[in-house]
Amino acid sequence: MWQSYMNGLLVALGLIMAIGTQNAFVLAQSLRREHHLPVAALCVICDALLVTAGVFGLATVLAHSPILLGVARWGGAAFLVWYGVSALRRACSTQSLDQGANIKMRSLRAVLLSALAVTLLNPHVYLDTVLLIGSLGAQQTDPGAYVAGAASASFLWFMTLAVGAAWLAPWLARPATWRLLDLLVAGMMFSVAYQLISAP
């Protein structure tokens with residue numbers, strides 16, 4: 001159970017910690033104090049639902065096809081290695097959070113609709129959350145614990161961004177911070193890929 005939980009936690013953290021549209025949106029809302037807590041909560045809920053659909057939908061399919069299970073296993077491991085290498089490459093580049101967006105205060109409804117668009121209209125969310133996390137979770141001994149771990153990662157990350165944005169802003173503006181995060185992401189991805197490949 002705990003191994004599945006930790007795998008879900010580490011994989012999800014590794015995928016959501018990199019700079020992306022969703023993270024940038026949550027941080028921007030938090031820095032402006034514009035409905036930042038509901039935005040973070042919406043991102044957590046969307047992630048949890050997508051992971052659940054991916055894990056249990058794929059689990060049913062994979063359980064009836066050893067060939068597909070093998071494809072998911074090696075394909076997932078290959079993607080994790082590729083993602084880890086991409087994180088290492090980002091760690092060698094210069095990047096920081098762009099906080100320069102000046103947007104007038106909007107209604108809660110408008111902000112949540114924007115958050116939904118940023119989350120659900122991004123094709124990477126389906127590749128990362130549904131396919132990758134789902135295929136890895138479908139192979140766990142306890143898929144439910146894996147889903148709980150992934151949801152915990154999403155909750156910890158987005159709530160930390162929402163609550164600590166003002167404190168984190170100067171820190172996140174430094175390229176060295178994102179280099180360190182990318183190195184951590186790469187380590188997580190390689191670790192889980194090794195577990196996947198070495199599993200009996």
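**A chain of helices, questioned**

Biologist: How would you describe the pattern of the protein chain, read along the sequence?

Modeller: In this predicted model, the protein chain runs α-α-α-α-α-α-α-α. The count is 8 helices and 0 strands.

Biologist: Good start! How confident is the predictor in the protein chain, going by pLDDT?

Modeller: The mean pLDDT is 79, and 84% of the residues score at least 70. Over residues 99-103, though, the pLDDT is below 50, and this stretch has 5 contacts in the model beyond near neighbours in sequence. Among the elements, helix α5 (residues 108-120) has the highest mean pLDDT, 87, while helix α6 (residues 123-138) has the lowest, 74.

Biologist: Let's look at a ring pair. What makes the pair of Trp 2 and Tyr 5 edge-to-face?

Modeller: Two values are needed here. The ring centres of Trp 2 and Tyr 5 are 5.6 Å apart, and the cut-off for a pair is within 6.5 Å. The planes stand at 75 degrees, and over 60 counts as edge-to-face. So the pair is edge-to-face. A search of the whole structure finds 1 aromatic pair.

Biologist: Where do Trp 2 and Tyr 5 lie?

Modeller: Both are in helix α1, 3 residues apart, which is about one turn of the helix. In general, an α-helix has 3.6 residues a turn, so residues three or four places apart point the same way.

Biologist: Why does Trp 2 count as exposed?

Modeller: Exposed requires over 50% relative accessible area. Trp 2 has 61% relative accessibility, so Trp 2 counts as exposed.

Biologist: And why is Tyr 5 put in the partly exposed class?

Modeller: Buried would need under 20%. Tyr 5 has 21%, so Tyr 5 counts as partly exposed.

Biologist: Which residues of α1 are buried?

Modeller: Among them are Leu 9, Val 11, Leu 13 and Ile 16. Helix α1 has 15 residues and reaches 21 Å from its first C-alpha to its last, close to the 21 Å expected at 1.5 Å a residue.

Biologist: Now to Val 39 in helix α3. How do you know whether Val 39 is buried or exposed?

Modeller: Val 39 has a relative accessible area of 0%, and the limit for buried is under 20%. Therefore Val 39 is buried. Leaving out residues up to four places away in sequence, Val 39 touches Phe 25, Val 26, Gln 29, Val 111, Leu 112 and Ala 115. The C-alpha atoms of Val 39 and Val 26 are separated by 6.7 Å, with the two residues 13 apart along the chain.

Biologist: What makes His 35 stand out in its phi?

Modeller: His 35 is not a glycine, yet has a positive phi of about 55 degrees. Most residues other than glycine have a negative phi. His 35 sits in the loop between α2 and α3. With a relative accessible area of 27%, His 35 is partly exposed.

Biologist: Last one! Which residues touch the most other members of the largest nonpolar core?

Modeller: Trp 157 and Phe 158 do, in a core of 48 residues. Helix α7 gives the most to this core, with 11 residues. Setting aside neighbours within four places in sequence, Trp 157 is in contact with Leu 13, Ile 16, Met 17, Asn 23 and Leu 181. Across the protein chain, 46% of the 200 residues count as buried.

Notes:
Residues are numbered from 1 along each chain as its sequence is written. This is a predicted model: local features need pLDDT of at least 70, side-chain atom pairs count only at pLDDT 80 or more; totals for chains, interfaces and linings use all residues. Side-chain values use heavy atoms; hydrogens and water are left out. Helices (H or I, at least four residues) and strands (E, at least two) are DSSP runs, numbered from the N terminus. Buried means under 20% relative accessible area, exposed over 50%, partly exposed in between (1.4 Å probe, protein chains only). pLDDT is the predictor's confidence in each residue, from 0 to 100. Contact means heavy atoms within 4.5 Å. A nonpolar core is a set of buried Ala, Val, Leu, Ile, Met, Phe, Trp, Tyr and Cys residues joined through side-chain atoms within 4.5 Å. The expected span of a helix is 1.5 Å times one less than its number of residues. Rings of Phe, Tyr and Trp (its six-membered ring) pair if their centres lie within 6.5 Å; planes under 30 degrees apart count as stacked, over 60 as edge-to-face and the rest as tilted.
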